[in-house]
Amino acid sequence: MADALTVIPAGVLRNLADKLYEKRKNAALEVEGIVKQLTMAGDHDKITAVINLLTTEFTYSPQANHRKGGLIGLAAATVGLTSEAAQHLEQIVPPVLNSFSDQDSRVRYYACEALYNIAKVVRGDFIIFFNQIFDALCKLSADSDANVQSAAHLLDRLVKDIVTESDQFSIEEFIPLLRERMNVLNPYVRQFLVGWITVLDSVPDIDMLGFLPDFLDGLFNMLSDSSHEIRQQADSALSEFLQEIKNSPSVDYGRMAEILVQRAASPDEFTRLTAITWINEFVKLGGDQLVPYYADILGAILPCISDKEEKIRVVARETNEELRAIKADPAEGFDVGAILSIARRQLSSEWEATRIEALHWISNLLNRHRPEVLMYLNDIFDTLLEALSDPSDQVVLLVLEVHACIAKDPQHFRQLVVFLVHNFRVDNSLLEKRGALIIRRLCVLLDAERVYRELSAILEGESDLDFASIMVQALNLILLTSSELSDLRNLLKQSLVNPSGKDLFVSLYASWCHSPMAIISLCLLSQTYQHASTVIQSLVEEDINVKFLVQLDKLIRLLETPIFAYLRLQLLEPGRHMWLLKALYGLLMLLPQQSAAFRILRTRLKTVPTYSFGGEQPRRTSSGNPYQILQHMTGGSQVTEDGDINPNQDRCAKT
């Protein structure tokens, strides 16, 4: 200190702390000259003493003018040192950086000015303080004083120039600081950060792409900034990085994929679009690197397929197709269980398009990796069953395709039908609204006879008789009216002459007995008219209530449909089909005369020709048992077209 006082005149020190800028400036010029002479003389001890004096007595002084003078003095000393300044930077720079946080805005301004002049002198030697300077500039970029901000911008540009031409800059040491600062929300700081990222990325010797995962999330965060300029700058930087990724042979896709997946769910539309666009490129470029992240990526894509923004929907669909086309192997890390978990979760989405694509994924996995999918069947089966109640017909049809694919194995087929009947039992609305759609589609996918036989076997032992009756009525209506079941109807029509048809009739009979109208319909369809008549005669023991009459009304109307055209034509030969006539008249007798069904059936019967009645008497079985015909059929008897049992065969059966 004493050495410095002997070197610098008292008047110079006094002017250095003056309130007038011109006096401080002139004093600083004198300090510059003194230091220059000491440098030429090589007296670095006295130079150190001068710097210490300026630091302790001025820059750390409680007086603002002293601090201003100290800053301008340190800059002047650096100019005086010229090429020798590097060895004194450890003394000069810290007090200047400390002044960046001064309460007085003018002191902060002079700190920027001082560091600017210091940087101009030392250039590359300045790099050792880069992180501290960057941190200080980051804060000053959001300074409340416009003049300080302006001075900080000038200093920032100079520091950028120095960094781009320096070979001593350490990106490894800088990245942790950048990553920490990327979460700042201040718009000025964000502009500052994006500016630095862009500059550093433009330097050929600095590998910013390799560190992209460290600050990628911060850039995506800026895409939702309220400032259009910041959003534009962040988007521009991201676009540049994406182009570099496309051209780079080695990229860490995994870490970035995790970030993109999170950002694809952003409430901000622009952020979602950018994230899904990046994911799209990653799926095309990433290859094996992305296999462990397929489930997460799928979890991001599926919701975006139903996005309100069309651009996002288009990119998401394209990405989904790209991902599904990749032939991934479970042996190579492809997690079938994780994919199924995502698809199962998305089946609960409120958006139809997302649910549809989730089902496509399950179907795709079943086709490619059936054994692995069946291992996780218990995890998804209940959800797939619940999806049968989906409000969308397209979703229900796809669910049925998935179920049909699972049900290729006999044990899973049985499980499907049992669960389906259970769901119909606990949810009557499902049977009412979707029963026909579900049953018809299953018949197409899994063979109608197989489905009906299984349903019949389950319903035969159903303890809830009311449900069994409703279910059988529904199955019967589907059987009689659906085009998909035409082959099944044709087989039943031949039940008197075809062993397969007879076997089917017998397998349906027991469960169809849960509903009088259903068993009558089955008999009429199978042309077992004598048994139909016997069943009708037995209905006198039933409670003929409104439900009964409603079902009877439906049956009469069905008889007028094309399905029963063959039956109506048989009425042209009343002598040959006496049991048919008796059955129809029996139905007529059960109907109230005022009902529309009564008028319809009576009108039909009036058209039956009467001239062939004479002399033709129907043959009768020896027993009045309404189940006699079924017993004969199961015993192997031959039955005529009208339901009569061949007497010779009957005698053979008895013997």
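Me: With which residue does Glu401 form a salt bridge?
Reply: This is a predicted model. Glu401 lies in helix H22 (residues 393-406) and its partner in helix H24 (residues 428-446), so the pair ties together parts that are 40 residues apart in sequence. The closest N and O atoms of the two are 3.2 Å apart, and the partner of Glu401 is Arg441.

Me: Is Glu401 buried or partly exposed?
Reply: A residue counts as buried under 20% relative accessible area and as exposed over 50%, with partly exposed in between. Glu401 has a relative accessible area of 32%, so Glu401 is partly exposed.

Me: What is the relative accessible area of Arg441?
Reply: Arg441 is the salt-bridge partner of Glu401. Arg441 is classed as partly exposed, and the value is 26%.

Me: Which helices hold Asp214 and Arg255?
Reply: The side chains of Asp214 and Arg255 meet in a salt bridge, at 3.3 Å from N to O. This pair ties together parts that are 41 residues apart in sequence, because Asp214 is in helix H12 (residues 212-222) and Arg255 is in helix H14 (residues 253-263).

Me: Does Asp214 count as buried or exposed?
Reply: The cut-off for buried is under 20% relative accessible area. Arg255, at 39% relative accessibility, counts as partly exposed. Asp214 has 17% relative accessibility, so Asp214 counts as buried.

Me: How many residues apart in sequence are the parts that Asp503 and Arg453 tie together?
Reply: The side chains of Asp503 and Arg453 meet in a salt bridge of 2.8 Å, N to O. Asp503 lies in helix H28 (residues 499-512) and Arg453 in helix H25 (residues 448-460), so the parts tied together are apart in sequence by 50 residues.

Me: What is the relative accessibility of Arg453?
Reply: Asp503 is partly exposed, with a relative accessible area of 41%. Arg453 also counts as partly exposed, and its relative accessibility is 24%.

Me: Are H4 and H5 roughly parallel or antiparallel to each other?
Reply: Helix H4 (residues 44-59) and helix H5 (residues 64-81) pack with their axes 8 Å apart, at an angle of about 160°. Angles over 145 degrees count as roughly antiparallel. H4 and H5 are therefore roughly antiparallel.

Me: How do the residues of the contact of H4 with H5 divide?
Reply: In H4 the residues include Ile47, Ile51, Leu54 and Phe58, and in H5 they include His66, Arg67, Leu71 and Leu74. The division is seven nonpolar, five polar and two charged.

Me: Which residues is Leu567 in contact with, leaving aside its neighbours within four places in sequence?
Reply: Leu567 is in helix H32 (residues 565-570) and counts as buried, at 2% relative accessibility. The C-alpha atoms of Leu567 and Leu580, 13 residues apart along the chain, are separated by 8.4 Å. With those neighbours left aside, Leu567 is in contact with Leu524, Tyr529, Leu559, Leu580 and Leu584.

Me: Is Arg272 buried or exposed?
Reply: Arg272 is found in helix H15 (residues 269-286). Leaving aside neighbours within four places in sequence, its contacts include Arg263, Asp307 and Ile312. At 9% relative accessibility, Arg272 counts as buried.

Terms used. Residues are numbered from 1 along each chain as its sequence is written. This is a predicted model: local features need pLDDT of at least 70, side-chain atom pairs count only at pLDDT 80 or more; totals for chains, interfaces and linings use all residues. Side-chain values use heavy atoms; hydrogens and water are left out. Axes are lines fitted to C-alpha atoms, for helices over the stretch in contact, and angles run from 0 to 180 degrees between N-to-C directions. Helices (H or I, at least four residues) and strands (E, at least two) are DSSP runs, numbered from the N terminus. Angles under 35 degrees count as roughly parallel, over 145 as roughly antiparallel, 65 to 115 as roughly perpendicular and the rest as oblique. Contact means heavy atoms within 4.5 Å. Ala, Val, Leu, Ile, Met, Phe, Trp, Tyr, Cys and Pro count as nonpolar, Asp, Glu, Lys and Arg as charged, and the others, Gly among them, as polar. Buried means under 20% relative accessible area, exposed over 50%, partly exposed in between (1.4 Å probe, protein chains only). A salt bridge is a side-chain nitrogen of Lys or Arg within 4 Å of a carboxyl oxygen of Asp or Glu.
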